[in-house]
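Have a look at it first, and then we will go through it step by step.

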Amino acid sequence: MPDWQKLVRQRLSGLALDAPDKEEVHAELAVHLEETYETLLREGMLEPDAIHRALSLANDWQNLQRRIQIAKTKENIMNDRVKQFWFPSLLTLLLTMGLLMLIQLFGPNPAIIGLHDRNGWSLILPVSVVYLPWLLALPLIGALGAFLSYRSGGSQRAVFSSILFPVLPYLVFFLIGLPMIIILNHHIAHNIMFSALFVGFFGWVLAPGAALLAGGQLAKIFLSRRLDSRRIASN
Amino acid sequence: MIGAGIKRGTAELAVLSILEEGPLHGYEMARRIEEQTKGALRFTLAALYPMLYRMEQRGWIRGNWETSGNGRRRRCYRLTPAGKKKLSPLRKEWAELFSALRQLGKVANA
């Protein structure tokens, strides 16, 4: 009779679990194979065939190892919703905001443009110097969000939400802010220019949203094609 | 033959249902499910054990090592109170799905 423990240990040698956990898994699977083997022998199968048939229960040992690893470890730390939505979303939000801050702190420091207006000189920093590099980096962040969500088995909705999550706070601000301004505009001393609000909406919601989505969608297409080609290869 | 996607969904229900009858080890669980479903639900190691470990992590089942009459040590799984609680809504969900599919069949055959 084969040493089933040894056979399982050899095939699942890469299982990255604590030693007692690993031993338990090896022992449990070995018992399963041994029982299968003994049943097949009782049914009249020849020994080599019974061994082959019992081992074929695992089908793909690499896949079995990976699935046990995931079941034994990741489930502890994060449930599916956290893995597929909250973690990628909060990471993209953090990176988007952090990047903007970093560009402001360490980015190019151009000469400040002086403008002469009715009240005298006012000094402004050209917005594009900070804004454009940030906007150009957003597709990468969108791609990262899509990758993390998609890899964890996120649905289309979870992947889409993870990509666009960084612009949601701004969207909410404008959705609440715009109607309020329309209502209150005549009651406040300084009228707010609607055009400025729409520029803000474009600059903080539409353009970053499009940039994030462009990167995220590309990543998603790339990942799904890779997955399809792997499936075809494994078939 | 039942397709892979549906099998995945029903596997947890099958395991919880079979454990409701009493504690069982992995091999016996797979054998009984296969027997009772007339071979429609058949588990490979990669389908059964990761699922058992996941269900154990969720607290639906609990595994303990036990020694049988012939001296063989096996890990026996029992349904926990959380698992029993999970079983009835799961059964209800699947019953609703099957009833809906039956209705659909009636409409298609009408």
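This is a predicted model: local features need pLDDT of at least 70, side-chain atom pairs count only at pLDDT 80 or more; totals for chains, interfaces and linings use all residues.

Start with chain B, which has four helices and three strands. Along the sequence they come in the order α-β-α-α-β-β-α. Of the 110 residues in chain B, 26% are buried. Among the contacts in chain B with a separation of 6 or more, 49% join residues 24 or more positions apart.

Next, the place where the chains meet. Here 13 residues of chain B are in contact with 18 residues of chain A. On the side of chain B that touches chain A, α2, α3 and β3 each supply at least two residues. The largest share, seven residues, comes from α3(B). The table sorts the residues on this side of chain B by kind.

| Kind of residue | Number on the side of chain B that touches chain A |
|---|---|
| nonpolar | six residues |
| polar | three residues |

Now for the inside. In soluble globular proteins, nonpolar side chains tend to be buried together. The largest nonpolar core has 38 residues, and those touching the most other members include A:L33, B:L19 and B:L45. Which element gives the most to this core? That is α3(B), with eight residues. As for A:L33, its contacts beyond four places away in sequence are A:W4, A:V8, A:A54, A:L55 and A:L57.

Technical notes. Residues are numbered from 1 along each chain as its sequence is written. Chains are lettered from A and ligands numbered from 1 in the order in which they are written. Two residues are in contact if their C-beta atoms, placed from the backbone, lie within 7 Å. Ala, Val, Leu, Ile, Met, Phe, Trp, Tyr, Cys and Pro count as nonpolar, Asp, Glu, Lys and Arg as charged, and the others, Gly among them, as polar. A nonpolar core is a set of buried Ala, Val, Leu, Ile, Met, Phe, Trp, Tyr and Cys residues joined through C-beta atoms within 7 Å. A residue is buried if 20 or more other C-beta atoms lie within 10 Å of its own, exposed if 12 or fewer, and partly exposed in between; C-beta atoms are placed from the backbone.
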